[in-house]
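This report describes one chain and then two of its residues. Please look at the sequence and the structure before reading on.

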Amino acid sequence: MEFVDQSLPCRDCGQPFIWTAGEQAFFKDKGLVNLPVRCSACRAQRKARLGIQDRAQAEVVCADCGVATTVPFVPRNGNPVYCSKCFSRQRDATDPVAAIATQ
Ligand SMILES: [Zn+2]
Ligand SMILES: [Zn+2]
């Protein structure tokens, strides 16, 4: 099967980018099913961004004891975040037997 360069719209910047015949051959060879959705520039940017997020530490205030702490994720709005001490206490407090008794 012959591949020809295709122009695809980039999901991020909206600019058409060229999906080359060589890339298509590689794609087919690997049995990939999801078409590329970003131009190489946006792909590189996204990778860089994700790389930074992987190491991100969010500074938060514990919802229980109020101590400042860092967590290895970005808390979503409205969700309480606890320091590690309070977190393990909460976890221990969630006793399955007690949970059943209150139902
Ligand atoms: Zn782009
Ligand atoms: Zn705490």
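In which strand is the place of Ser-7? Ser-7 sits in strand E1, which covers residues 6-9. Helices (H or I, at least four residues) and strands (E, at least two) are DSSP runs, numbered from the N terminus.

The model is predicted: local features need pLDDT of at least 70, side-chain atom pairs count only at pLDDT 80 or more, and totals for chains, interfaces and linings use all residues. Residues are numbered from 1 along each chain as its sequence is written, while chains are lettered from A and ligands numbered from 1 in the order in which they are written.

**The chain**

The protein chain has four helices and four strands. From the N terminus on, their order is β-β-α-α-β-β-α-α. Of its 103 residues, 3% count as buried. A residue is buried if 20 or more other C-beta atoms lie within 10 Å of its own, exposed if 12 or fewer, and partly exposed in between, with C-beta atoms placed from the backbone. Two residues are in contact if their C-beta atoms, placed from the backbone, lie within 7 Å. Among contacts in the protein chain with a separation of 6 or more, 20% join residues 24 or more positions apart.

**The hairpins**

Two strands pair if DSSP finds at least two bridges between them. E1 pairs with strand E2 (residues 16-19) in the antiparallel sense over four bridges. Strand E3 (residues 58-61) and strand E4 (residues 68-71) also pair in the antiparallel sense, over four bridges.

| Hairpin | Between the strands | Turn residue | Phi |
|---|---|---|---|
| E1 and E2 | six residues | Gly-14 | positive, about 80 degrees |
| E3 and E4 | six residues | Gly-66 | positive, about 80 degrees |

Val-61 has Ala-68 in E4 as its bridge partner.

**Ser-7 and Trp-19**

The bridge partner of Ser-7 in E2 is Ile-18. Leaving aside neighbours within four places in sequence, Ser-7 is in contact with Pro-16 and Ile-18. Why does Ser-7 count as exposed? Ser-7 counts as exposed because it has 9 C-beta neighbours inside 10 Å. Its C-alpha atom is 6.0 Å from that of Trp-19, twelve residues apart along the chain.

Trp-19 belongs to strand E2. This residue counts as partly exposed because it has 18 C-beta neighbours inside 10 Å. Not counting residues up to four places away in sequence, Trp-19 touches Asp-5, Gln-6, Leu-8, Gln-24 and Pro-36. The C-alpha atoms of Trp-19 and Gln-6 are separated by 5.0 Å, with the two residues 13 apart along the chain.
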